[in-house]
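Please walk me through this structure in plain terms. I would like to follow the pocket, the nonpolar cores and a pair of adjacent residues in turn.

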Amino acid sequence: MGAKHATKRMNAFTVRAAEPADAAAIQEIFAANICSADWLPPAARLHTDFSQVSAGEAVFVAVAGDGTIAGFAAVQTGAAFIHHLHVRAGARGMGAGSSLLDALCAWLPTPWRLKCVEANHGAL
């Protein structure tokens, strides 16, 4: 699912490259977040297949101490563009997103780009 990079422990989360066994958890987080994004137009909330929107991207996961995947980031490495940054609803505000971004510092040259829709108040 993503490039091979060193595993890095951040806060209560371990950030590592996604593995094939992570695909179901990543898909679950992505679909739940897209379907519940009331700031997206209704038609956009129908596009919940993560593999279709992330082809060719390096994917990293934030793993909680209990082994649960709390969130993920998908990066277009050549453009230093963070295409997706999603955190499981129950893990928001606990540092998973920050851990994912902090882990990029070790290998992704800055400046990075990350778009966020203004209506997505929780992410802002």
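In this predicted model, the lining of the largest pocket divides into 17 nonpolar, 12 polar and 3 charged residues. The space in this pocket amounts to about 1000 Å³. Its lining has 32 residues, and those closest to the centre are Trp39, Leu85, His86, Asn120 and Ala123. Three elements, helix 1 (23–35), strand 5 and helix 3 (96–104), each supply at least two residues of the lining. Strand 5 gives the most, with 5 residues.

Strand 5 covers residues 81–87 and includes histidine 84. Histidine 83 is found in strand 5 as well. Histidine 84 has a relative accessible area of 10%, and because the limit for buried is under 20%, histidine 84 counts as buried. Histidine 83 has a relative accessible area of 22%, so histidine 83 is partly exposed.

The side chains of histidine 83 and histidine 84 make a polar contact with each other, at 3.3 Å.

Beyond their neighbours within four places in sequence, each histidine has its own list of contacts. For histidine 84 these are Phe30, Phe50, Val53, Glu57, Phe72, Ala73 and Ala74. For histidine 83 they are Val53, Glu57, Ala74, Val75 and Gln76.

In soluble globular proteins, nonpolar side chains tend to be buried together. The largest nonpolar core here has 15 residues, of which Ile26, Phe50, Val59, Val61, Ile69 and Phe72 touch the most other members. Helix 1, strand 3 (58–64) and strand 4 (69–76) each supply at least two residues of this core. Its largest share, 5 residues, comes from helix 1. Apart from this core lies another, of 14 residues, with Phe13, Val15, Ala70 and Ala73 among them.

Histidine 84 can now be placed against both cores.

How values were computed: Residues are numbered from 1 along each chain as its sequence is written. This is a predicted model: local features need pLDDT of at least 70, side-chain atom pairs count only at pLDDT 80 or more; totals for chains, interfaces and linings use all residues. Side-chain values use heavy atoms; hydrogens and water are left out. Helices (H or I, at least four residues) and strands (E, at least two) are DSSP runs, numbered from the N terminus. Buried means under 20% relative accessible area, exposed over 50%, partly exposed in between (1.4 Å probe, protein chains only). Contact means heavy atoms within 4.5 Å. On a 1 Å grid over the protein atoms alone, a cavity is a set of points where a 1.4 Å probe fits but cannot get out, and a pocket is an open set with protein on both sides within 12 Å along at least five of seven lines; lining residues have an atom within 4 Å of a point. Grid points are joined across faces, edges and corners, and a volume is the space filled by probe spheres set on the points. Ala, Val, Leu, Ile, Met, Phe, Trp, Tyr, Cys and Pro count as nonpolar, Asp, Glu, Lys and Arg as charged, and the others, Gly among them, as polar. A nonpolar core is a set of buried Ala, Val, Leu, Ile, Met, Phe, Trp, Tyr and Cys residues joined through side-chain atoms within 4.5 Å. A polar contact is a pair of N or O atoms within 3.5 Å; within protein, one must be able to donate a hydrogen and the other to accept it, and residues adjacent in sequence count only if both atoms are side-chain atoms.
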